[in-house]
Amino acid sequence: MTSVEWRALQPGSRSGPHSIKQWQLDGIEHTPFSAEESRSGATTTRFSAWTPVTNKSSNQQLFQERTTLILHWFDLWTDKQRKYVLHQLLRRCSKSQLKFISDYFMEAVPITRLDFTTVLPRFLSIYILSFLNPMDLCAAAQVCWHWRFLAEQDCLWSPKCIRRGWFLPYNPSDNEYGAWKKHYVACAGSLDFLSPHEAADIYGTLNETLTEPEEQKERKTEHIIRQTIRETIVEHKRAALKNRRAWLANSLSGETYGSSVRQKSSMLPLSLRTTVLQLGDKYRLENISSMKEHRAQLNSILNLTVEKTWATSSMKTLPVSLPLKSQIRSSDHPPVHLLLVSSRIPAYELVLCGALVHVVPLLYDYSGMTLEALLSLVERAMEGRTVQSIGIMTEGSTEEICLIEGLSITEKTVLKPCVREFWERLCGWVVPASEAGTLDVFAPLAASVAGVELISILASLSGLNVRAPTGICTGSYQHILSDWSGKGDFPPLLYLREGPLLSWCTQAEWIEQSLVNLRNQLVPQLQLLSEESRGRTLGLFLWDHITLPLFTLKSEVTQVLIEGLVALLKEKSDNPLEFLGTFLLKICAEGTVKKHNLITVTKSVPYRLPGSIPAVPEGLLSDADWRDAVCRELLKSERAYVRLLQAIHTVYYIPLRAALDSNRAIISSANLLMLFSPLLDILECNNIFLQDLTEKMEEWSPLQCVGDTWVRFCTKLRAYTNFFNNYPTAIRTIDKCREMLPAFRAFLKRHTRTLATRMLSIQELFLSPSLRVEEYVTLLEALMLHTPPEHPDHTHLSSAFNTLVNYRSFIRKLKKTSDRDLKLLEAQRTIQSCPTLQEGGRYLITTQDIALLSCLNEDIVPSLRMYECVSELGLFLFNDALVLTERRVSHMPFRLAVNTSHTFLASIALHSLNLSEIVDTKYVQNAFRLESPKRQWICATDREEDKIRWLGALRSAINAAKHN
């Protein structure tokens with residue numbers, strides 16, 4: 001017994017708050033015992049701190065007694081004391097005991113309703129509420145204050161507003177609550193709508209029953225229509241039987257045509273056969289009297305040149321008899337022309353569609369192509385024929401021809417043995433120069449001294465007349481439409497129709513951007529891209545020929561218009577427009593209104609419609625005249641370029657700066673300076689350049705010098721360098737701000753593709769500096785070509801030209817690096833489970849899909865070996881390695897779409913790779929063998945062209961890797 005219990009049992013001891021009273025012990029049949037019994041240590045001792053473990057019956061009895069005592073105390077305590085004791089007991093319980101208590105309460109008091117917002121985390125509760133519509137969210141906000149707090153979160157209401165185009169006109173502060181919900185309620189409250197009852201009263205309902213007279217009238221109308229159709233069919237059949245010709249009827253008008261029509265139409269229904277015969281009789285009767293005239297017309301048409309292509313199309317619509325057909329077959333065919341089209345040029349699909357009938361267009365792959373493979377493709381296309389001329393449409397500049405990737409034809413590289421052999425073999429399929437055989441290069445080689453030298457070298461190698469555009473026109477590919485060197489007809493019209501040629505030359509870059517998306521997404525994006533193309537065309541026309549932002553009505557014009565409207569109200573004329581026009585002409589004759597020219601056209605350059613081929617300027621015979629034309633083209637294009645830069649400053653920078661200064665920032669100050677600060681420096685630099693050019697052209701003379709202006713401009717190219725170094729970051733910043741800032745997204749939507757920006761987006765406007773540098777080099781080359789060495793301007797022009805050529809190389813290097821990085825990222829995303837491909841100096845050359853073969857028996861001779869296809873692989877050729885992937889093709893149900901996936905299989909270093917060809921047999925075609933130090937792969941392509949192109953690219957890459 002403890003000392004506390006012992007003192008509690010003494011008669012004279014003081015009672016505590018929890019001391020045991022005698023009346024309490026009587027309720028549990030307690031009998032007092034003496035101290036001797038306590039000191040004897042008997043196991044029957046009660047109320048002792050010691051529990052007799054060995055005696056189970058005593059232990060159980062003692063536990064029951066103490067439990068009864070504690071429960072009795074619990075009944076006497078207050079509510080606060082009970083909670084305190086329960087809290088202390090629960091803290092001392094183990095996990096199993098707490099689990100027992102939880103199961104007990106779940107069984108005794110099951111949970112039937114539970115507020116999930118009090119159990120789940122807040123983000124899960126908001127995610128659940130995001131599936132509710134606006135009306136349900138408003139109802140949920142009326143449950144309690146906690147639910148209202150969750151249901152009015154901006155993350156729930158902002159997507160619903162943005163989806164409907166309701167953008168918040170300001171940025172909510174951190175302490176502002178429920179701004180997007182209030183904005184949604186305000187926008188929805190201003191909408192006009194009809195309730196179902198109101199709509200039913202106005203428009204009726206679909207299940208509205210008709211009255212009996214209306215139903216009878218409708219049935220009668222249907223009966224009359226059906227009866228009319230049956231009678232018409234019967235009359236048609238009777239007339240057909242009466243007018244049918246006798247079989248094998250022979251006449252001048254129906255000698256072969258009628259019999260052929262009967263034979264072909266014998267299996268057709270009766271009404272259709274009769275209709276065909278009636279149409280044939282009609283045409284024969286109309287053409288009997290004019291048969292002689294048609295024969296004479298056709299004989300004259302066949303003697304015309306190929307430019308009269310409308311004649312051949314008209315011949316198809318005329319009924320020709322047998323003698324005329326024999327005359328057509330015996331006539332001479334127009335000469336054949338070969339057009340090599342590189343896949344590198346933008347929108348090459350439009351070029352192929354515009355090829356003429358007598359032109360053989362040959363599209364070749366720019367990436368991974370070799371000169372041998374290109375000659376093989378030309379040989380297969382020619383099939384032993386000779387052509388009148390060969391046109392080469394590929395990328396190039398005024399001093400080089402970018403024929404294939406990694407090889408530029410210049411005056412230094414054209415005399416290499418492999419390049420020289422290529423030109424000699426290629427021009428072997430062309431008729432001699434004495435028979436007007438020509439080689440047409442669509443790069444502006446005739447616009448520079450180096451290009452003219454390259455033309456002369458090509459002419460001596462090929463023995464043909466080599467022609468190229470002068471390239472004085474600026475724009476997308478408009479140098480093709482300029483004057484060409486050499487004699488003869490306009491070369492582009494020998495290969496392409498005028499309409500597609502004009503569309504491609506003026507909008508090739510924009511069409512290429514559309515076609516890239518179109519090739520990837522096809523139909524879903526077709527409507528959007530069509531609208532963008534139309535918008536760019538309209539914006540280009542209005543931008544070049546109508547200066548709408550400069551159009552302002554002066555006070556006297558407004559006053560005259562008001563006077564004319566007042567006079568019109570007084571007169572009450574029958575023709576108001578005629579009266580108003582007469583009134584304005586009368587005022588104009590009196591001299592009160594000055595004539596204003598709202599259309600700005602360069603005075604020195606004649607205006608021409610965009611749908612016509614520019615004529616060769618008359619009188620431009622001397623170098624001074626050519627210098628004048630080039631400088632005026634420079635001034636005109638510089639004005640258009642500065643207008644684009646001013647549009648960026650006016651449309652984008654000024655509103656964003658004003659919003660930032662008024663504490664309603666759309667984007668931060670750091671982003672604003674990072675985006676537009678380099679462009680503002682370029683605008684300042686080009687404004688000075690334009691002012692200097694304008695002053696020079698106002699005092700123009702044959703001895704006028706513009707080279708010093710170019711030299712001063714080249715000293716300020718640091719502004720362009722800052723822009724190009726910052727350009728990738730600027731593009732990423734625009735995309736990031738557009739995604740994260742609704743105010744900036746709404747700002748771009750209001751200002752993108754408007755007339756003030758020439759229907760261009762901000763990303764497209766940011767491309768203008770790089771395009772302008774290319775135009776600068778082209779114009780300088782044309783200017784140097786017509787500036788004699790003894791001219792005082794030649795030295796400065798040469799210095800500026802060298803500076804801009806080096807700067808253009810810098811920009812092209814940046815573009816090439818960016819393109820390589822994009823291709824590498826695309827390959828990394830395409831190949832699943834692929835190691836990291838982004839290593840220093842690595843870039844993708846080309847790809848090829850092949851079939852992996854397995855030889856059934858290698859002991860027999862190679863010509864009799866049989867192979868079976870094991871799997872399909874994909875080959876990704878890099879400059880230092882070859883990656884093999886397992887290619888899987890899966891078809892989508894209920895669709896024609898095909899999904900292709902690549903899984904990483906192996907990678908081989910090129911310096912350890914061996915390549916060998918397998919001779920074609922009747923059992924295997926287009927096969928080759930790849931061998932690494934540990935294993936080998938027998939591969940085959942579907943086409944021979946793919947094998948030639950792939951092996952040429954692979955051999956070149958292996959040789960380059962071994963030399964490095």
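These are my notebook entries on a few spots I looked up in this structure.

**Ground rules.** I am working with a predicted model, where local features need pLDDT of at least 70, side-chain atom pairs count only at pLDDT 80 or more, and totals for chains, interfaces and linings use all residues. Residues are numbered from 1 along each chain as its sequence is written, and side-chain values use heavy atoms, with hydrogens and water left out.

**Aromatic rings.** I found 27 aromatic pairs in the structure. I picked Phe-744 and Phe-747, whose ring centres are 6.5 Å apart with planes at 20°, so I noted the pair as stacked. (Rings of Phe, Tyr and Trp, the last by its six-membered ring, pair if their centres lie within 6.5 Å; planes under 30 degrees apart are stacked, over 60 edge-to-face, the rest tilted.) Both residues sit in helix 32 (residues 742-751), 3 residues apart, about one turn of the helix. (Helices, H or I of at least four residues, and strands, E of at least two, are DSSP runs numbered from the N terminus.) Phe-744 and Phe-747 are both buried (under 20% relative accessible area, with exposed over 50% and partly exposed in between; 1.4 Å probe, protein chains only).

**Thr-846.** I located Thr-846 in strand 9 (residues 844-855). Thr-846 is buried, at a relative accessible area of 7%. Leaving out residues up to four places away in sequence, I listed what Thr-846 touches (heavy atoms within 4.5 Å): among them are Ser-367, Leu-875, Phe-876 and Trp-950.
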